[in-house]
Number of protein chains: 2
Amino acid sequence: MNTENTGKKDERNLYLKNEDLDVAVAKYLALLSFTEAQEKGRLLPVIEAQGWVTKEPVFAKISSPYYNASAMDGICVEAMAMIGVDERHPRTLTKGTDFNFVDTGDVIADPYNAVVMIEDVMIKSDDEISINNPVSLWQNVRPIGEDIVAGELIIPAYHQVRPIDLGALLAGGITELEVMDKPRVGIIPTGTELVEAGAAMAVGKIIDSNTHMFVGLVQEYGGVAKRYQTVRDDYELIKSAIIKAVDENDMVLISAGSSAGTEDYTRKLIEELGEVVVHGVAIKPGKPVVLGIVQGKPVIGIPGYPVSAYFVFESFVKPVMLAFNHQTFTEGVTIKAVLSKRLMSSLKYLEFVRMKCGRVNQRFVATPLDRGAGVTMSLVNADGILKIPKNVEGYEAGEEVELILMRPREEIENTLVSIGSHDVLMDMVANIIHKNKQLVNLSSAHVGSLGGIMAIKKGECHIAPIHLLDEETGTYNLTYLKRYLADEAVVLIKGVKRTQGMIIPKGNPQNIQGIADLVRPEIRFVNRQRGSGTRVLLDYLLKTAQLDTNQVLGYSREMNTHMMVASAVKSGSCDVGIGVLSAANMMALDFIPIGEEAYDFVILKENLDDPRVQIFIQVLKSQEFKEALKRLGGYELEQPGEIVEP
Amino acid sequence: MNTENTGKKDERNLYLKNEDLDVAVAKYLALLSFTEAQEKGRLLPVIEAQGWVTKEPVFAKISSPYYNASAMDGICVEAMAMIGVDERHPRTLTKGTDFNFVDTGDVIADPYNAVVMIEDVMIKSDDEISINNPVSLWQNVRPIGEDIVAGELIIPAYHQVRPIDLGALLAGGITELEVMDKPRVGIIPTGTELVEAGAAMAVGKIIDSNTHMFVGLVQEYGGVAKRYQTVRDDYELIKSAIIKAVDENDMVLISAGSSAGTEDYTRKLIEELGEVVVHGVAIKPGKPVVLGIVQGKPVIGIPGYPVSAYFVFESFVKPVMLAFNHQTFTEGVTIKAVLSKRLMSSLKYLEFVRMKCGRVNQRFVATPLDRGAGVTMSLVNADGILKIPKNVEGYEAGEEVELILMRPREEIENTLVSIGSHDVLMDMVANIIHKNKQLVNLSSAHVGSLGGIMAIKKGECHIAPIHLLDEETGTYNLTYLKRYLADEAVVLIKGVKRTQGMIIPKGNPQNIQGIADLVRPEIRFVNRQRGSGTRVLLDYLLKTAQLDTNQVLGYSREMNTHMMVASAVKSGSCDVGIGVLSAANMMALDFIPIGEEAYDFVILKENLDDPRVQIFIQVLKSQEFKEALKRLGGYELEQPGEIVEP
């Protein structure tokens, strides 16, 4: 996609359809038949069969137990001979004649047909015992086949073998198993701009990461992945690659080029080589998928945006792979959660929204992450996925929704939820918690200080990091608690003092000296989002200096974190931004300090005793934390972890 | 355990404790430290790291995107130069001077700083276009680091790498990863009676299947299993095996010998080599577990009964393995289900009950499977596990309980639940359904015909197979529906006619001719359970012949299936049983026919349209079913699948 685009309209396939997901999948699966590939199969030793899928039902060859066996440690006796024994009529028995000692699993053979447990046996001498309980026929004897009867079905056809199946199969005398082959999935990375991971990066280049994710997903869903060399955007080269991959695999994925751009060849290629069943599905992200069939095999064109690629894999590749081995499509664990904010969605698409989720005040609270198709980290950081159906406008804050979990529920239960201002120290805290083997996760959503206060008010988080300057008093944070959280029993956990300032390129090429430089017409600024403490600080500084925000070029260009501001400066797309010293240090940029501010944590009093919060406070007070901040630079510590009443 | 047991009391360790599961696990984990093993770790290429656990937090090395990139196909322009453009003030632009065509992902570099999507561009010629919408700075441009900012945390320490992480790591410039080693688990099978799977079987021998199940479970939970050769019950030999295994692994499992029998050496051995932390936990099955530490490494003695072994693995080995790599213990998916029958449990133990579960009439209904510790098939067939806590007496029928699922919920939703009489043809039906690629499972619980009728009445199953003789009319099934299900709208799905008779050893050594032979004093009979149609038939025949059940030796010895009766005859533990011809054929036994009976299916009328039921009926009517029964022998078909009103 990196070569010259002439923009000629006739080269564009502007006619993507918008089929419903369910319809598209059903239509596609109905046209696919894997019979030939499936009939091959292979014979495996049972002990290597875990995870493979049976081709035929498996019936036991021998019974288990294989003989009548003692179910207890005790003595074996003849039940008929014990008639009449009870508390008032105990009987003395002689070893070898009337009884024998047996352990669990020992053979019970003629003439013996019952076992008395050792606890009910009174031992008189090495050879004599007495009993005083009645004995019934076959008591405490495991009959032949109690577990598995020869001829009985152990596992059916199309069953994925689990560890417990291995045990039963071996016990039933099965040592080899006819299994279906795993689906072989060929993966073709396409794009002139792609470079392999580890190669030297350059502007205009993109690391091919999607196809490696596909390899991982193929393995996860029981397939065998074959990733081919990257093919540049050339119709004939991609064509050859598809022909080869179709020949060598049961299905083929073509990464990127599935949309309607001038160099999106997938659709045309599949049309030439076979049949396009669907192009364009009403999902977001992931719309420009191509579902094709070449030589009777599924060939799927997957869009290049990583999040689109993931959902297209989950929505189309996974069901096709499962159908290959007759496995049931499963969506995994779901939970009900309360939405922390209104979430609107297009009526035209089924949307997959990545969500953070935590258990706060006895309920799960879910907050949407970045919805961009290019934001891989929204997948990595997601606790769950919310599917907003087509024709649904969205959900209101407070509505209960269902999330498909991306992590174990137990991990989410162990998560300390932080919503508020961003600072890189939050990552440090998370790592120190982990390093000390505490199974507590710290989930940080960056919505700015005021957003954090609102989240506390609405019961959506445990802690809210804030750094809010009271313009009138010049103090930090406490007055905001009185103003916005007067009705709540809240306290402040003391955090750090950190240095805010202007982040500028190394060497200060634009000779920026202070806040007044922001209105110079050639200076390109990058701002933080509304509601962030840093934005409040900037506005205070501009107002104090009597500067007009309209004169600041880039005032409306908003970034959500200190690191993104630093990154924008580093990239040269702006000349200055405002942020903390640690971010400037991490990017090796220059820095003009503006002042120190208090970065603290609001918390509901009632949550102070929560074990997750206690661990958080311990870390704030730790030597490890102190040292980590020293390495970052730009922080002062005054009694971190101390509780302050507003 | 197969050698001579002298029964001497001083050789037995009768003093197992009964510690609570949670207490035992916490106590054990608190004493374990894996630091040395964990600190080793290894460096892996990212693309091989799936499933491994990170040792350190991973921070991005480069930003993604690596440059300001177009987010759309369209044209790039200078935003400042477009001020004033709107519907009423369109602007014509010249290529190369005012704009350039770009595809998604293309570089946006000076002087350009915004992208107009192609759909909003009117193309006038190859070099001229016009636009009529306002353009804002950085519109449709993905800034450097929009996805990942260099220096940002991608994944924390102790994180198990997933496919989506691979994508993010590679995009963030990471190609190698420090991971923790997987826990190495040594597995020692012990027992003089053990033989390897595939070896010739003999009475008194047991196939070692448990340790292969352990190998599978170790792999499933992210470990590396090393299974050692079987060691016979010899104190010194087992001791050497433990010393070697401790030396070569991070933890060791000793299979069997963990109880208090004369040849249960595990406890004494661990005491000699290290420390026994716990012996005996209040769980059922699984009580006689030994939790020990040798050379600082966990050594666990696991009981020999397969179901005990499984739950001990899940309860103790799994948490230790997860702790090794700092992973969260998860129990998986749970559902709420209604109990179909009363379920009592000892107050002294936490009990793990294996349950069948199906969705019948809009609710999940759960029925306990065999609770014996030796019944592996109860695990294989389980849909879920019900944990009955210690100090809980049990649950009443109709109570809602929580099951930990053993299969995907979707599979349970697709299950046709059959409760009632047993016939081997049910396995055939299940396989034909599968073979025709229908993702419907058939779950059969064998509780006898009358039990089936009760299950229909209580809404616990979709279909109930029955074969009930009306002694007065000599007819089958329909009169029972009138008698027991008068208040329900039920119908009968016609099944088969099958031949019942006396199952006897090949050659009829006892010269059995008819029902009257059952009261011969030397004839050992094996019966079916109360409520089974076959029991009803037997009682009818005995009554008709005026024979006394008290005179039938073994009348009270009950088996739950035809196959178990045939198996008992085959084993020589009885001389005769009653059952169907197909079971006798499968075991190559002789057979004296008694008569033909109708084996049909009761169903609520309202469930007739259920797709699962429709598929079942289709199979009954199929040629495939006819042929399968022909191969089994002993069946006649008269309009199977036909619906009959009572």
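1. In this predicted model, helix 4 of chain B passes helix 7 of chain B in a right-handed crossing. Helix 4 covers residues 210–220 and helix 7 covers residues 306–324 of chain B, and their axes come within 10 Å and cross at roughly 25°. Angles under 35 degrees count as roughly parallel, and helix 4 and helix 7 of chain B are therefore roughly parallel to each other. On the side of helix 4 of chain B, the contact is made by Asn210(B), Met213(B), Phe214(B) and Leu217(B), while helix 7 of chain B brings Pro306(B), Ala309(B), Tyr310(B) and Phe313(B). Divided by class, the residues of this contact are 7 nonpolar, 1 polar and no charged.

2. For the corresponding elements of chain A, the axes of helix 4 (residues 210–220) and helix 7 (residues 306–324) of chain A come within 10 Å and cross at roughly 25°, which makes helix 4 of chain A roughly parallel to helix 7 of chain A. The crossing of these helices of chain A is right-handed. From helix 4 of chain A, Asn210(A), Met213(A), Phe214(A) and Leu217(A) meet Pro306(A), Ala309(A), Tyr310(A) and Phe313(A) of helix 7 of chain A. The contact in chain A consists, by class, of 7 nonpolar, 1 polar and no charged residues.

3. A further helix pair in chain B is formed by helix 10 (residues 425–435) and helix 16 (residues 611–621), which pack at an angle of about 105° with their axes 10 Å apart. Since angles of 65 to 115 degrees count as roughly perpendicular, helix 10 and helix 16 of chain B are therefore roughly perpendicular to each other. Val429(B), Ile432(B) and Ile433(B) of helix 10 of chain B meet Ile615(B), Phe616(B) and Val619(B) of helix 16 of chain B. The residues of the contact between helix 10 and helix 16 of chain B divide into 6 nonpolar, no polar and no charged.

4. Turning to the interface, the contact takes 106 residues from chain B and 106 residues from chain A. On the side of chain B that touches chain A, helix 3 (residues 163–171) of chain B gives the most, with 8 residues. By class, that side of chain B is made up of 53 nonpolar, 34 polar and 19 charged residues.

5. The domain assignment of chain A gives five entries: domain 1 (9–35 + 183–324), domain 2 (42–64 + 147–180), domain 3 (69–142), domain 4 (332–408) and domain 5 (446–644). Taken over C-alpha atoms, the centres of domain 2 and domain 3 of chain A are separated by 37 Å.

6. An unreviewed UniProt entry lists residues 186–323 of chain A as "domain: MoaB/Mog". In the model, the span of residues 186–323 of chain A is 37% helix and 25% strand, and its end C-alpha atoms lie 17 Å apart.

7. Some backbone details may deserve a look in the viewer. Most residues other than glycine have a negative phi, and most peptide bonds are trans. In chain B, the peptide bond from Asp110(B) to Pro111(B) is cis, with omega near 0°, and Pro111(B) lies in the loop between strand 7 (100–102) and strand 8 (114–117) of chain B. The peptide bond from Lys284(B) to Pro285(B) is also cis, with omega near -5°, and the place of Pro285(B) is in the loop between strand 20 (283–284) and strand 21 (290–294) of chain B.

8. In chain A, the point to check is Ala256(A), a residue other than glycine whose phi is positive, near 75°. Ala256(A) lies in the loop that runs between strand 18 (251–255) and helix 6 (266–273) of chain A.

How values were computed. Residues numbered from 1 in each chain as written. Chains lettered and ligands numbered in written order. Predicted model: local features only at pLDDT ≥ 70, side-chain atom pairs only at ≥ 80, totals over all residues. Axes fitted to C-alpha atoms, helices over the stretch in contact; angles between N-to-C directions. Helix = DSSP H or I, 4+ residues; strand = E, 2+ residues; numbered from the N terminus. Parallel < 35°, antiparallel > 145°, perpendicular 65-115°, else oblique. Left-handed = near helix turned anticlockwise from the far one by under 90°. Contact = placed C-beta atoms within 7 Å. Nonpolar A, V, L, I, M, F, W, Y, C, P; charged D, E, K, R; others polar. Domains from an automatic or database assignment. UniProt positions renumbered as here; feature names shortened; annotations may be inferred.
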